[in-house]
Amino acid sequence: MSDAIETPARVTESFGRRVIVETSAGSRMSAELFGKRLTCVCGDEVMIRGPSQSSGDVAKVVSVAARRSLFARTDSRGRTEPLAANLSLIIVIIAPNPEPDLYIADRYLAGAALAGISGALIVNKSELPGAEDPDFQARVNDYERAGYPVLRLSAKNEPTVAPVRELLVNQSAMLVGQSGVGKSTLTNRLAPESERATRSLSDSTGEGRHTTVSTALFRLASGGELIDSPGVRDYAPPPVEDAMVQVGWPEMLKLAPECRFNNCLHLREPGCAVLAALAENTLSARRYESYKRLLNIMRGLAPEYERRR
């Protein structure tokens with residue numbers, strides 16, 4: 001490839017200033033970002049130049065196309081950190097072990113909705129006894145009632161993975177969730193060429209250990225794309241205004257038009273349809289608590305002059 005010709009490519013893995021790209025011909029190569037201001041993430045569509053056959057230089061990413069969507073998080077310093085671009089689906093994975101933090105799952109689904117990306121839930125490790133726990137099942141059922149696609153499976157059992165393949169057709173999807181829930185095991189099942197490392201839970205804490213160290217994109221033989229990401233201990237979407245937080249709760253958005261006030265935040269307002277549903281036990285109290293928690297997080301991340309006292 002001549003270093004003077006620009007060629008379209010897709011970022012399949014990112015390591016700061018160095019990335020792995022895949023050209024339209026299907027070849028993958030290492031590339032460097034050209035210019036200090038240029039940034040890109042896994043899933044970005046880019047133009048590359050080179051590599052130079054004469055000097056042996058690696059290819060250069062010279063531009064990044066406009067993104068159809070961007071999934072991001074708030075980092076420990078309160079800054080927005082892009083995670084992946086051009087996604088159409090976020091799949092949150094939970095399991096009975098390690099003990100699921102459903103508030104993190106809720107924030108992932110909310111972050112997807114706020115980015116204009118669809119959300120789904122996978123309940124992995126269905127072979128474990130804890131998967132049949134009535135309390136665990138009741139909490140999973142809350143997501144189905146909210147309107148999310150929910151798939152129950154064991155990543156170790158091929159027949160149970162078939163519905164995931166169907167879900168991923170024509171999608172650019174990203175797997176997210178806590179460490180140890182089986183994201184890499186499922187990725188290896190769906191895209192065998194990925195060879196993502198897997199590891200058992202920590203014996204001392206029962207929590208997942210980090211095995212995936214980078215976000216990477218794989219194309220699926222059944223159609224679609226799958227992005228595997230490192231496990232997390234926490235997640236929060238980028239800051240939004242108070243009124244936007246409810247976008248992450250489809251069951252509340254469905255009720256919102258029945259509220260007395262158009263700007264209802266569903267906290268203490270009279271004539272609130274969400275609070276009425278909560279009182280009638282037709283709305284999940286845990287999911288509603290999760291909404292209030294994220295609302296408080298967003299207020300804490302807002303600039304001081306915008307915070308409500």
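Analyst: Before we talk about what is buried, the term needs a cut-off: a residue counts as buried when its relative accessible area is under 20% and as exposed when that value is over 50%, with partly exposed in between. Please also keep in mind that this is a predicted model.

User: Fine. Which residues of helix 3 are buried?

Analyst: In helix 3, the buried residues are Val161, Val164 and Leu168. They lie on the same side of helix 3, because the arc they cover around the axis is only 45°. An α-helix has 3.6 residues a turn, so residues three or four places apart point the same way.

User: And what is exposed on the other side of helix 3?

Analyst: Pro159 and Glu166 are exposed there, on the other side of helix 3.

User: What covers the buried residues of helix 3?

Analyst: The cover includes strand 8 (89-94), strand 9 (118-123), strand 10 (150-152), strand 11 (172-177) and strand 13 (225-228), and helix 4 is also part of it.

User: How do helix 3 and helix 4 cross?

Analyst: The axes of helix 3, residues 158-168, and helix 4, residues 183-190, come within 11 Å of each other and cross at roughly 80°, which means that helix 3 is roughly perpendicular to helix 4.

User: Which residues meet there?

Analyst: From helix 3, Glu158, Val161, Val164, Arg165 and Leu168 meet Leu186, Arg189 and Leu190 of helix 4. The residues of this contact divide into five nonpolar and three charged, with no polar ones.

User: Which residues elsewhere have a positive phi although they are not glycine?

Analyst: Asn86 is one of them, with a phi of about 60°, and Asn86 lies in the loop between strand 7 (80-85) and strand 8. Lys125 is another, also with a phi of about 60°, and its place is in the loop between strand 9 and helix 2 (134-146).

User: Are those two buried or exposed?

Analyst: Asn86 is buried, since its relative accessible area is 4%, and Lys125 is buried as well, with a value of 15%.

User: Where is the cis peptide bond?

Analyst: The bond from Asn97 to Pro98 is cis, with omega near 5°, and Pro98 belongs to the loop between strand 8 and helix 1 (102-114).

User: Switching topic, where does His266 sit, and what is it in contact with?

Analyst: His266 is in the loop between helix 5 (250-255) and helix 6 (273-279), and His266 is buried, with a relative accessible area of 1%. Leaving aside neighbours within four places in sequence, the residues in contact with His266 are Gln246, Met252, Ala256, Cys259, Cys272, Val274, Leu275, Tyr288 and Tyr291.

User: Last one: what are the totals for the protein?

Analyst: The secondary structure comes to seven helices and 13 strands, and buried residues make up 47% of the 309 residues. Among contacts between residues at least 6 apart in sequence, 64% join residues at least 24 apart. The accessible surface comes to about 15200 Å², and carbon and sulfur atoms account for 50% of it.

Definitions and conventions
Residues are numbered from 1 along each chain as its sequence is written. This is a predicted model: local features need pLDDT of at least 70, side-chain atom pairs count only at pLDDT 80 or more; totals for chains, interfaces and linings use all residues. Side-chain values use heavy atoms; hydrogens and water are left out. Axes are lines fitted to C-alpha atoms, for helices over the stretch in contact, and angles run from 0 to 180 degrees between N-to-C directions. Helices (H or I, at least four residues) and strands (E, at least two) are DSSP runs, numbered from the N terminus. Angles under 35 degrees count as roughly parallel, over 145 as roughly antiparallel, 65 to 115 as roughly perpendicular and the rest as oblique. Contact means heavy atoms within 4.5 Å. Ala, Val, Leu, Ile, Met, Phe, Trp, Tyr, Cys and Pro count as nonpolar, Asp, Glu, Lys and Arg as charged, and the others, Gly among them, as polar. Buried means under 20% relative accessible area, exposed over 50%, partly exposed in between (1.4 Å probe, protein chains only). Accessible areas come from the Shrake-Rupley method with a 1.4 Å probe; for residues, only the protein chains shown count as cover. The arc is that of the directions from the helix axis to the C-beta atoms.
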